[in-house]
Amino acid sequence: MKLSEFNYKLPEGLIASEPVPVRDESRLLVLHRKTGEIEHRIFKEILDYFDSGDVFVFNDTKVFPARLFGNKEKTGAKIEVFLLRELNEEHKLWDVLVEPARKIRIGNKLYFGLDDSMVAEVIDNTTSRGRTLRFLYDGPHDEFKANLYALGETPLPDYIKRSPVPEDAERYQCIYAKNEGAVVAPAAGLHFSRELMKRMEIKGVDSGFLTLHSGLGNYREIDVEDLTKHRMDSEQMEVGEELVQLVNTAKDREHRVCSIGTSTLRAIESTVGMNGHIKPYSGWTNKFIFPPYDFTVCNALVSNFHLPYSVMLMMVAAFGGYEEVMHAYEVAVEEKYRFGAYGDAMLIID
């Protein structure tokens with residue numbers, strides 16, 4: 001398929017800039033992929049489509065406050081630093097993006113905080129925008145991380161046209177988030193409240209967890225029309241034995257296996273063996289999923305409404321069927337569903 005086939009008209013006013021007051025009271029569009037039937041529900045009603053023995057698979061990655069603002073030595077020029085991942089704990093090396101990139105050279109020092117208490121030195125230029133920073137900090141690592149994160153902001157997507165507020169630190173995070181490392185929240189999981197998770201437990205719907213640290217590659221502009229030529233950024237992931245047993249047993253017993261979000265779906269598909277079962281895995285994935293694609297494990301998917309041309313939209317279209325999903329998006333626009341990370345959700349089932 002071609003990049004241009006994933007464009008649609010999205011009024012800017014439908015891109016959600018705030019979350020709904022209650023997590024599980026966002027809207028839910030239900031797409032039955034075999035018939036094309038569409039239903040309009042509230043998210044907390046999602047359990048109406050699942051039974052005891054079914055499994056929801058969640059991504060328990062935790063978003064950290066990745067966006068920092070500092071000043072360049074001597075000139076005082078304002079520099080935005082986006083932390084991507086820690087490269088070396090002992091030497092406090094971080095892979096980062098900087099803006100404006102043209103002003104930063106190897107050897108430059110950057111100062112952060114009102115009192116310039118955090119200092120970093122540029123030691124490598126890895127890409128046109130990317131850099132490696134070494135933070136000059138003598139204290140223990142835990143203390144360093146706490147001070148670094150205290151300076152950071154919640155990394156809201158650029159399409160949310162406002163500055164983060166304190167509430168974003170909680171709302172741009174799933175309630176079950178556990179393993180730190182993401183700069184992009186697994187948005188489908190943002191709709192789950194503690195009450196909904198408890199109702200799942202009472203109904204006998206099982207919860208399983210994997211970790212995939214979602215990075216900025218999800219938002220990187222695709223610059224090729226032929227999608228087979230696009231290369232995804234690699235993301236670190238981990239699938240443990242406990243989830244493997246849970247998912248494979250549910251599959252063998254013909255229960256539903258529902259992926260909560262596209263990051264979860266990518267991780268699951270990265271671990272599928274020849275027998276259609278998943279297996280434990282710890283490493284990296286750069287799997288890029290777009291139509292046509294045969295999914296062998298999950299038979300249900302929860303995902304937010306994604307922006308035009310996005311890799312997440314492509315994966316949803318691969319799962320639900322291109323024509324069916326693009327039609328559902330047209331309906332969502334007509335019905336004024338909210339789009340983006342803080343927006344509404346779609347459930348795709350058979």
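**Helix packing, sheet order and cysteines in a predicted model**

Helix 5 (residues 262-269) packs against helix 6 (residues 311-320) at an angle of about 65°, and their axes lie 10 Å apart. Axes here are lines fitted to C-alpha atoms, for helices over the stretch in contact, with angles from 0 to 180 degrees between N-to-C directions. Helices (H or I, at least four residues) and strands (E, at least two) are DSSP runs numbered from the N terminus. The model is predicted: local features need pLDDT of at least 70 and side-chain atom pairs count only at pLDDT 80 or more, while totals for chains, interfaces and linings use all residues. Residues are numbered from 1 along each chain as its sequence is written, and side-chain values use heavy atoms, with hydrogens and water left out.

**Helix 5 and helix 6**
- The crossing of helix 5 and helix 6 is left-handed (the near helix is turned anticlockwise from the far one by less than a right angle).
- Thr262, Leu265 and Arg266 of helix 5 make the contact with Val311, Met312, Met315, Val316 and Phe319 of helix 6 (contact: heavy atoms within 4.5 Å).

- An open sheet of 9 strands has mixed pairing and the order 2-1-17-16-14-3-12-13-15 (strands pair if DSSP finds at least two bridges between them).
- Strand 2 (38-42) and strand 15 (281-285) are the edge strands, each pairing on one side only.
- From one strand to the next, the twist averages 25°.
- Strand 14 (residues 257-260) and strand 16 (residues 300-304) run parallel and are joined by 3 bridges; serine 259 has leucine 301 as its bridge partner in strand 16.
- Helix 7 (residues 322-334) lies across strand 1 (27-32), strand 2, strand 16 and strand 17 (345-349), at about 150° to strand 1.

**Strand 13**
- Strand 12 (residues 206-212) runs antiparallel to strand 13, with 2 bridges; threonine 211 has glutamate 238 as its bridge partner.
- Strand 15 is also antiparallel to strand 13, with 5 bridges; glutamate 235 stands opposite threonine 285.

**Cysteines**
- The structure holds 0 disulfides (a disulfide is a pair of cysteine sulfur atoms within 2.5 Å).
- The sulfur of cysteine 258 is 7.4 Å from its closest cysteine sulfur, in cysteine 298, which is too far for a bond.
- Cysteine 258 is buried at a relative accessible area of 0%, and cysteine 298 is buried at 3%.

Key: Buried means under 20% relative accessible area, exposed over 50%, partly exposed in between (1.4 Å probe, protein chains only).
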